[in-house]
Amino acid sequence: MPDEPTDIEPTHDEFTPAPDEVEYPSTLRITSLPAEQAQAAAIERAERWEGGEEVPHVVNFEDRARLRQLLTDRRMELLEVVMEHPPESIRALADRLGRDVHDVHDDLYLLAEYDIIHFEEDGRAKRPYVPYDTVRLEVEFGLPRGDGTESAVSA
């Protein structure tokens, strides 16, 4: 009977759209804001998006140390190369960078965990790509204001 419930849970791939089916904003913002500010900015972006405005995708790190651990010089170089000249495969990217393929693989998959890098499967090869035109890093800090006003949250 087709209407009977099953114990089989859907796989991740059944819910994940193909890369060409997803519309990404032109900008990815990687920020380091306290949780309260990041939440306020997310609400503002959601309201703007509901109003039909294009808003950036944002990955926020409350702890700047974690941001620095993720975006090392080597990973930023890798990100830049993938954006400028998308490689045909992870191996081709490793060759272009003069780096070990396993290290490049690990860096790519770490960046993918944060939705910075994405992959398009082509047979056995996986093509890394960045679906954004711009990746902007923002780290905000400053002295507390004594007049009770807070700094503006960027969206």
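Biologist: Which residues in helix 4 meet which residues in helix 6?

Modeller: Bear in mind that this is a predicted model. On the side of helix 4, the residues involved are Arg75, Leu78 and Val82, and they meet Val104, Asp107, Leu108, Leu110 and Leu111 in helix 6.

Biologist: At what angle do helix 4 and helix 6 pack, and how far apart are their axes?

Modeller: In general, a pair of packed helices is described by two quantities, the angle between the axes and the distance between them. For helix 4 and helix 6 the angle is about 80 degrees, and the axes lie 10 Å apart. Since angles of 65 to 115 degrees count as roughly perpendicular, helix 4 and helix 6 are therefore roughly perpendicular to each other.

Biologist: Which residues of helix 4 are buried, and why do they line one face of the helix?

Modeller: Helix 4 covers residues 73-84, and its 12 residues reach 16 Å from the first C-alpha to the last, close to the 16 Å expected at 1.5 Å a residue. Its buried residues are Arg75, Leu78, Leu79, Val81 and Val82. Viewed down the axis of helix 4, these buried residues fall within an arc of 165 degrees, so they line one face of the helix. The face turned away from that buried side carries the exposed residues Asp73 and Glu84.

Biologist: Against which elements do the buried residues of helix 4 pack?

Modeller: Besides helix 6 (101-113), they pack against helix 3 (64-70) and helix 5 (90-97), and also against strand 4 (125-129) and strand 5 (134-139).

Biologist: Where does Arg99 lie, and is this residue buried or exposed?

Modeller: Arg99 is found in the loop between helix 5 and helix 6. With a relative accessibility of 10%, Arg99 counts as buried, because the cut-off for that class is under 20%. Leaving aside neighbours within four places in sequence, Arg99 is in contact with Arg74, Leu78, Ala94, Val104 and Asp107. Of these, Leu78 in helix 4 and both Val104 and Asp107 in helix 6 also take part in the meeting of the two helices.

Biologist: How many helices and strands are there in the protein chain, and what pattern does the chain follow along the sequence?

Modeller: The chain has six helices and five strands, which follow the pattern α-β-α-β-α-α-α-α-β-β-β when read along the sequence. Of its 155 residues, 30% are buried, and among contacts between residues at least 6 apart in sequence, 66% join residues at least 24 apart.

Key
Residues numbered from 1 in each chain as written. Predicted model: local features only at pLDDT ≥ 70, side-chain atom pairs only at ≥ 80, totals over all residues. Heavy atoms only, no water. Helix = DSSP H or I, 4+ residues; strand = E, 2+ residues; numbered from the N terminus. Expected span 1.5 Å × (residues − 1). Buried < 20%, exposed > 50% of the residue type's maximum accessible area, 1.4 Å probe, protein only. Arc of directions from axis to C-beta. Contact = heavy atoms within 4.5 Å. Axes fitted to C-alpha atoms, helices over the stretch in contact; angles between N-to-C directions. Parallel < 35°, antiparallel > 145°, perpendicular 65-115°, else oblique.
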